[in-house]
Amino acid sequence: MKHQFITATIVLAAMLFVACPTSGYSSINIPEDMNTAVNINTADGMDATETIEIKADTVKADTSDVIVPALNRFIHADDYLLLTQGKETALNILSSLDNDVYGNREVPMVRNLLTSKHQTVSLHELKDYRRVRSIQVNNSGIFSYPYFTCRFKDSGGKMFFEKTTGSQRKSGYVYENTRETMVFLGGWSVNNDPQTTYNSPNSVAGMVYKIGTGKIIMLFVMSNQTFEIYELKK
């Protein structure tokens, strides 16, 4: 019986992994009908069924996201877990902030953005959103900025997003993923410098969620234990 269990585990692992492409993109292939993302961290030996622990004072939600197979080949391997486990990681960072950090009173607001129920979202409706503000979180605190202008537009048959004012600007393509999530792949630039792409040194990946009538967020989680939320309104 034990031998059969080990064999089954090996077969499952073989089904989840494909040969890593030379381009360095994600080698994880997850079926479209899988409801939760598989957590894999080969660097520290984390078991495939383990998840990141969230402290007890964090409001828990469905924090794992699936990336459909059609998008796997576009996503850098280093970004894969930052996307699929982004909300869980962000909540963990938020709950670890000291009580005296800058902007601590905004913790409930940020937590609410991260745990609000998702709604069905479509590419077409994104064009109605024209204002965006940045909320940046790191171990020094929460830094919220005012709303600036942004736009979504058709570009080469795809949906392109750009923050058009403010000193820190992200731009890139938004791809349909599940009925309630989209994936942003782009880059960041400063002021009126040329926009950058996902395959540049300034690349950025994020998840897009509709969390209310007239409200969308983009979540960008970085590997240095920081995250940023773009909160968008019409």
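K87, A90, L91 and L94 in α4 meet V107, V110, R111, L114 and T115 in α5. The model is predicted.

Trainee: Which classes of residue make up the contact of α4 with α5?

Mentor: By class, that contact holds six nonpolar, one polar and two charged residues.

Trainee: At what angle do α4 and α5 pack, and how far apart are their axes?

Mentor: Angles over 145 degrees count as roughly antiparallel. Here α4 and α5 pack at about 165°, and their axes are 10 Å apart. The two helices are therefore roughly antiparallel to each other. As for handedness, α4 passes α5 in a left-handed crossing.

Trainee: Where do these helices sit in the order of elements?

Mentor: Start with the count. The protein chain has five helices and nine strands. From the N terminus the order is α-α-α-α-α-β-β-β-β-β-β-β-β-β.

Trainee: How many residues of α4 are buried?

Mentor: Buried means under 20% relative accessible area. Ten of the ten residues of α4 are buried, so this helix is largely enclosed by the rest of the structure. The buried set takes in charged residues, K87 and E88. It also includes G86, T89 and N92. For the whole protein chain, 47% of the 234 residues count as buried.

Trainee: Why does A90 count as buried?

Mentor: A90 lies in helix α4. Its relative accessibility is 0%, so A90 counts as buried. Leaving out residues up to four places away in sequence, A90 touches L114, L219, V221 and F227. Take the A90 and F227 pair: 137 residues apart in sequence, 6.4 Å apart in space, C-alpha to C-alpha.

Trainee: Which residues of α5 are buried, and what do they pack against?

Mentor: The buried residues of α5 are V107, V110, R111, L113, L114 and T115. They pack against α4, and also against strands β1, β2, β7, β8 and β9.

Trainee: What is F227 in contact with, beyond its neighbours in sequence?

Mentor: Set aside residues within four places in sequence. F227 is then in contact with A90, I93, L94, V110, L114, I135, Q136, V137, L219, F220, V221 and M222. A90, I93 and L94 are buried residues of α4, while V110 and L114 are buried residues of α5.

Trainee: Where does F184 lie, and is it buried or exposed?

Mentor: F184 lies in strand β6. With 0% relative accessibility, F184 counts as buried. Beyond four places in sequence, its contacts include F161, Y173, V174, V204, V208, M218 and F220. K170, S171 and G172 are among them too. F184 and I75 are 109 residues apart in sequence, with 10.0 Å between their C-alpha atoms.

Trainee: How many of the contacts in the protein chain join residues 24 or more positions apart?

Mentor: Count the contacts with a separation of 6 or more. Residues 24 or more positions apart account for 54% of those.

Technical notes: Residues numbered from 1 in each chain as written. Predicted model: local features only at pLDDT ≥ 70, side-chain atom pairs only at ≥ 80, totals over all residues. Heavy atoms only, no water. Contact = heavy atoms within 4.5 Å. Axes fitted to C-alpha atoms, helices over the stretch in contact; angles between N-to-C directions. Helix = DSSP H or I, 4+ residues; strand = E, 2+ residues; numbered from the N terminus. Parallel < 35°, antiparallel > 145°, perpendicular 65-115°, else oblique. Left-handed = near helix turned anticlockwise from the far one by under 90°. Buried < 20%, exposed > 50% of the residue type's maximum accessible area, 1.4 Å probe, protein only.
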